[in-house]
Amino acid sequence: MAQVETRPKARRTGGSPIGATIPRRMTAAPQSDDDNPLRGPPELLGQFGEFGGRYVAETLMPAVEELARAWPEAWADPTFVGEYRAILRDYVGRPTPITEARRLPEAVGGGRIFLKREDLNHTGAHKINNCIGQVLLARRLGKRRIIAETGAGQHGVATATACAYFGMPCVVYMGAEDVARQALNVVRMRLLGAEVRPVTSGSATLKDAINAALRDWVASVADTHYVIGSVMGPDPYPLMVRELQRVIGDEARAQLLERIGRLPDAAVACVGGGSNAMGLFAAFVPDAAVKLYGVEATGEGLQGRHAATMARGRVGVFHGMRSLVLQTDDGQLLEAHSISAGLDYPGIGPEHAFLHATGRARYLGVSDREALAATELLARTEGIIPALESAHAIAALPAVIRELGRDAVVLVNVSGRGDKDMHTVMKHLDPATLDLIDKAEREREAARAALRGAAGEESLIVDGHVLRSERKEGT
Amino acid sequence: MSVAGVDRVAAAFARAREENRAALVGYLTGFDPDRAGSLERIFAACEGGLDVLELGVPFSDPTADGPTIQAAMTRALASGASVAGALEMAAEIRRRFPLPIVLFSYANPLLSHGPERLAQEAAGAGADALLVVDLPPEHAEVLRGPAGARGLGWIGLVAPTTTPTRRARVLGASSGFVYAVSLTGVTGAPLDPSDPGLHAGLATLRESSGLPIVVGFGVRKAEDVRALAGHADGVVVGSALVEAGQRGPAALGELVAALRGGTLRA
């Protein structure tokens with residue numbers, strides 16, 4: 001097993017005078033490979049411990065190698081980084097603020113909760129950070145066509161947006177099931193000039209859209225760049241997408257230091273492939289005192305259909321990477337399920353598998369119903385309607401606060417806004433869900449009572465299950 | 001005493017060369033449409049004149065394959081395909097036919113079976129080599145090592161995009177034969193078998209390798225085989241065989257016989 005607790009060579013804040021270490025930059029802070037505690041040696045093909053790698057067909061290997069060479073060069077080039085940052089500032093609307101939750105804490109058992117507002121980005125989610133960077137890189141490489149996969153449609157919309165911005169042709173592969181579930185995003189992509197190709201093979205969801213995009217890329221690799229939407233796939237994608245998303249964590253870290261003069265006790269984010277979580281975590285991994293919580297979708301429950309890769313996955317090779325994968329005993333992929341199409345993926349980024357294996361991050365599970373209830377909770381307490389994906393992170397807060405105590409400072413990534421999910425929410429606001437919401441109200445009342453005095457450890461609104469979390473901690 | 005593994009593969013190519021023809025390598029997916037139906041078709045293909053059989057071990061997410069082989073793998077999994085089942089099929093084929101059997105698959109089902117166990121059982125079943133699409137030489141050792149220890153060959157792939165550096169790496173990791181991917185694309189895509197660029201690429205590859213070179217992807221008809229027979233030591237036909245198999249064992253046997261006719265060099 002690889003080394004466990006990664007230590008930064010630079011930028012320690014613990015013990016230094018408060019406020020003295022606030023970085024001046026508010027956007028992405030590229031690091032050289034040497035300075036990057038998460039990056040393994042290049043000869044390991046971008047592996048994170050035993051995870052990662054480049055498991056692709058020979059036809060794609062040269063393209064993947066080209067990317068692996070070009071990416072660090074671009075990321076070290078001030079012109080490239082300058083252009084990326086300028087677009088994030090002037091077009092995407094960065095930096096996004098952090099909002100201190102006013103009424104949410106009393107509903108989740110306390111804590112001082114800061115929301116990182118990725119929902120306020122142009123196109124409504126964090127996905128655009130990555131797309132702008134990758135399309136810029138594609139231009140630098142002389143590629144003339146962009147392809148992408150999409151599940152919920154958010155990455156597809158963000159890619160289509162970046163392509164419209166740069167005037168590049170764009171093809172988005174989308175599972176036929178998702179095309180039906182996310183019709184609004186299909187309209188958005190088409191409006192933005194992208195061609196949406198429904199994928200009917202396999203389970204007709206995100207994993208099959210990725211398969212289709214890979215098949216396109218195998219045939220078009222000479223002039224086409226594949227914009228993968230998460231910290232997954234063959235090296236260098238997991239690393240590259242993390243770096244393009246670390247603006248989330250870098251900003252939030254600086255904003256918190258400026259606002260309250262200290263780092264949070266915990267950073268919390270939902271995990272499907274894991275890009276918003278890696279983007280948030282990247283800034284805090286070197287800060288050993290900051291606990292990291294990823295929240296995966298337990299869907300209908302671990303006995304039913306779910307997307308709980310950490311809880312139920314086994315090490316496998318899938319979509320170009322070695323990571324945890326939901327699969328049968330015979331190595332066939334299982335269909336994942338979550339009410340949020342963005343978490344509906346049977347794999348997970350290799351760096352998350354690594355952070356999990358080393359105990360640096362912990363992973364909790366939240367069900368469809370808990371996520372729906374948390375959507376409603378954040379809407380009513382803070383006036384923010386989160387994406388169903390992001391609602392998973394909100395739903396895990398009671399468990400996090402219970403563990404860290406009522407004085408804990410918790411940073412949560414609201415990775416996207418909920419507009420795209422209104423159809424799903426409407427469909428699920430059935431009597432049973434309304435009952436759940438009422439029950440949540442009662443429990444929230446109980447939590448308030450508990451907060452006011454009594455010991456009250458249970459009766460929190462939602463119940464994030466701690467899954468396989470304690471092992472190897474502190475090694 | 002009969003030969004096995006890489007030796008059996010080498011013997012098959014030597015025999016074809018003596019007969020002044022390219023070896024005919026045929027791909028079929030195990031368990032397509034089901035176990036019995038699949039065996040029936042594979043037997044017909046072997047009788048039709050295959051020199052080497054590529055037996056597909058189904059995977060749920062075959063990203064390097066085109067629609068025909070994807071659909072075959074989906075049918076196979078629906079009818080209960082498994083790695084163990086495919087190995088049993090290989091053993092049944094071995095009992096009836098002496099031709100080399102190459103197990104074709106993706107990393108996950110094979111690694112999930114356990115590399116040591118897979119290599120041992122594959123050798124025990126009478127398979128002779130492994131071809132794993134998504135295990136490039138950089139990652140191959142985990143399975144190539146155990147396979148080699150039991151005499152099994154490791155079929156590396158060289159694509160049109162492969163750089164000279166990578167080509168050397170692939171050749172260095174290969175045994176049995178080397179698979180030259182004819183086109184930049186997935187299996188079953190349209191191919192111009194008379195493309196001078198393709199012929200030149202094959203010539204370069206043959207010069208740089210001591211192993212037999214087979215060419216595949218997009219080869220469908222006897223004319224295609226004929227156009228390539230002089231440029232490679234073997235020609236692979238996959239998607240076209242799978243499609244013929246859907247019309248039944250007889251149709252498949254006829255196609256194989258016709259393709260075999262195309263292997264003779266002028």
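The contact between the chains in this predicted model draws 28 residues from chain A and 34 residues from chain B. On the side of chain A that touches chain B, the elements giving two or more residues are strand E2 (51–55), helix H1 (61–75), helix H8 (206–220) and strand E11 (314–318) of chain A. H8(A) gives the most to that side, with six residues. By class, the side of chain A that touches chain B comprises 14 nonpolar, nine polar and five charged residues.

Two of those elements, E2(A) and E11(A), bring me to the sheet. In chain A, four strands form an open sheet in the order E1-E2-E12-E11, with antiparallel pairing. Its edges are strand E1 (47–48) and E11 of chain A, each of which pairs on one side only. Between E1(A) and E2(A), which run antiparallel, there are two bridges. Here Phe48(A) stands opposite Phe51(A) in E2(A).

What lies across E1, E2 and strand E12 (320–325) of chain A? That element is helix H13 of chain A, residues 350–358, and it runs at about 45 degrees to E12(A).

I turn next to helix packing within chain A. Helix H2 of chain A, residues 78–92, and helix H4 of chain A, residues 127–140, have axes that come within 10 Å and cross at roughly 140 degrees. H2(A) is therefore oblique to H4(A). Their crossing is right-handed. From H2(A), the residues in this contact are Phe80(A), Glu83(A), Tyr84(A), Ile87(A), Leu88(A) and Val92(A). They meet Ile128(A), Asn129(A), Ile132(A), Gly133(A), Leu136(A) and Arg140(A) in H4(A). Sorted by class, the contact of H2(A) with H4(A) has eight nonpolar, two polar and two charged residues.

Finally, a helix pair in chain B. Helix H2 of chain B, residues 35–48, packs with helix H12 of chain B, residues 249–261, at an angle of about 25 degrees, and their axes are 8 Å apart. H2(B) passes H12(B) in a right-handed crossing.

The residues of H2(B) in this contact are Glu40(B), Arg41(B), Ala44(B), Ala45(B), Glu47(B) and Gly48(B). By class, the contact of H2(B) with H12(B) has seven nonpolar, two polar and four charged residues.

How values were computed:
Residues are numbered from 1 along each chain as its sequence is written. Chains are lettered from A and ligands numbered from 1 in the order in which they are written. This is a predicted model: local features need pLDDT of at least 70, side-chain atom pairs count only at pLDDT 80 or more; totals for chains, interfaces and linings use all residues. Two residues are in contact if their C-beta atoms, placed from the backbone, lie within 7 Å. Ala, Val, Leu, Ile, Met, Phe, Trp, Tyr, Cys and Pro count as nonpolar, Asp, Glu, Lys and Arg as charged, and the others, Gly among them, as polar. Axes are lines fitted to C-alpha atoms, for helices over the stretch in contact, and angles run from 0 to 180 degrees between N-to-C directions. Angles under 35 degrees count as roughly parallel, over 145 as roughly antiparallel, 65 to 115 as roughly perpendicular and the rest as oblique. A crossing is left-handed if the near helix is turned anticlockwise from the far one by less than a right angle, and right-handed if clockwise. Two strands pair if DSSP finds at least two bridges between them.
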